[in-house]
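Q: Could we read through a structure together, taking cavities, salt bridges and nonpolar cores in turn?

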Amino acid sequence: MKRSLVACICLLLLLVSCNNKATKSDGQTWYSGSIQIAVDESLKPIMEEELQVYRALFPEAEVTPIYCSEVDAIKLFLQDSVRLVVANRRLSEEELNSFHTRKFFPESVLMAISGIALITHPENTDSLITVGQFRKILTGKMTSWKELNPESRLGDLSVVFDNPNSGTIHYAIDSICRGEKLASTLTALKSNDEVIDYVSKTPNALGVIGANWVGNSADSTRLSFNEAVKVMAVSGSGYATVGNSYKPYQAYLALREYPLVHDVFILINDPRTALPTGLMRFLTGERGQRIILKSGIVPATQPVRLVNVKDEF
């Protein structure tokens with residue numbers, strides 16, 4: 001009897017030892033270990049703030065972001081090169097099926113509400129545009145500023161996006177153009193930073209970038225925009241007026257009165273429930289959502305106190 005008891009204890013100790021070795025070799029818990037994540041470049045400002053706080057709170061967790069186009073981010077996710085992606089859309093049915101055939105079951109978790117912003121040169125007097133006019137510009141049916149405003153002297157429109165494979169372009173095609181092809185005259189640069197720089201120096205430019213890029217970082221209230229460019233007000237009506245047009249202020253994003261609004265998702269495939277899950281819980285938890293609130297876009301899981309905004313056109 002004693003021999004059996006000793007044998008059982010030895011077996012139990014052996015199993016515990018093996019489990020401990022597996023945990024150590026794996027090197028990950030919710031808040032420790034090392035991973036790479038992929039982030040749509042249009043969301044870089046908010047993710048830089050999130051990761052700065054995350055690293056301070058969890059110094060044993062090493063999270064390395066890969067800022068790239070949405071297409072490249074999803075590709076890395078499908079290839080299992082990363083277990084977490086932050087993007088401007090959910091996974092498609094086809095992408096989900098690709099995971100399911102390999103016995104993986106990823107999730108699309110709502111993280112924030114954002115949008116795309118339309119920016120012009122600071123001296124451009126045109127400040128209002130309708131979604132319909134924006135659609136005509138994207139599809140090449142409207143090519144000059146004079147068609148937008150008969151009094152304009154700016155000549156041809158020079159439309160620039162952040163990246164040819166970005167979520168911003170996919171949003172424009174799917175939600176604005178409704179599948180219609182974009183005009184061949186549109187230009188894609190490499191990043192949102194480049195778009196802002198180009199527009200700030202080009203009087204006839206119209207830039208299309210992520211809404212979280214246009215905030216004035218020096219303004220803690222987030223009620224002003226980057227002074228290097230002018231942010232246009234957009235109307236969902238047939239004719240744009242001061243009364244029915246909105247800029248991508250936080251309140252208008254939250255109420256979805258700004259018509260170019262979209263959701264931001266965390267795409268996660270973490271069968272071991274390790275560090276990617278810990279990061280996801282931080283991003284959707286109180287601290288992570290508070291950072292989103294301060295960034296100028298809208299947190300998905302925390303209440304928002306809306307501030308009245310008076311636009312100046």
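**Reading cavities, salt bridges and cores**

A: The count comes to two cavities of 30 Å³ or more, a cavity being a set of points on a 1 Å grid over the protein atoms alone where a 1.4 Å probe fits but cannot get out. This is a predicted model, in which local features need pLDDT of at least 70 and side-chain atom pairs count only at pLDDT 80 or more, while totals for chains, interfaces and linings use all residues. Residues are numbered from 1 along each chain as its sequence is written, and side-chain values use heavy atoms, with hydrogens and water left out.

Q: How much space lies in the second largest cavity, and which residues line it?

A: Rolling a probe the size of a water molecule over the atoms shows where empty space is left. Here the second largest cavity holds about 50 Å³, a volume being the space filled by probe spheres set on the grid points, which are joined across faces, edges and corners. Its lining, made of residues with an atom within 4 Å of a point, includes Ser 42, Asn 88, Ile 116, Tyr 171 and His 262. Strand E4 (107-120) and helix H7 (167-176) each supply at least two of the lining residues; helices (H or I, at least four residues) and strands (E, at least two) are DSSP runs numbered from the N terminus. By class, the lining has three nonpolar, nine polar and no charged residues, where Ala, Val, Leu, Ile, Met, Phe, Trp, Tyr, Cys and Pro count as nonpolar, Asp, Glu, Lys and Arg as charged, and the others, Gly among them, as polar.

Q: Which residues of H7 are buried?

A: Buried means under 20% relative accessible area, exposed over 50%, and partly exposed in between (1.4 Å probe, protein chains only). In H7 the buried residues are Gly 167, Thr 168, Ile 169, Tyr 171, Ala 172 and Ile 176, and just after this helix Arg 178 takes a positive phi of about 55°.

Q: How many salt bridges does the structure hold?

A: Side chains of opposite charge can pair when their charged atoms come close. The structure holds eight salt bridges, each a side-chain nitrogen of Lys or Arg within 4 Å of a carboxyl oxygen of Asp or Glu. In one of them Arg 102 pairs with Asp 80, the closest N and O atoms being 2.8 Å apart. Arg 102 lies in the loop between helix H4 (93-100) and E4, and Asp 80 in the loop between helix H3 (70-78) and strand E3 (84-87), so the pair ties together parts that are 22 residues apart in sequence.

Q: Which residues touch the most other members of the largest nonpolar core?

A: A nonpolar core is a set of buried Ala, Val, Leu, Ile, Met, Phe, Trp, Tyr and Cys residues joined through side-chain atoms within 4.5 Å. Of the 71 residues in the largest one, Met 111, Leu 118, Ile 119, Phe 134, Leu 260 and Leu 279 touch the most other members, and E4 gives the most to this core, with eight residues. A second, separate core of 13 residues includes Cys 68, Val 85, Phe 265 and Leu 267.

Note on methods:
On a 1 Å grid over the protein atoms alone, a cavity is a set of points where a 1.4 Å probe fits but cannot get out, and a pocket is an open set with protein on both sides within 12 Å along at least five of seven lines; lining residues have an atom within 4 Å of a point.
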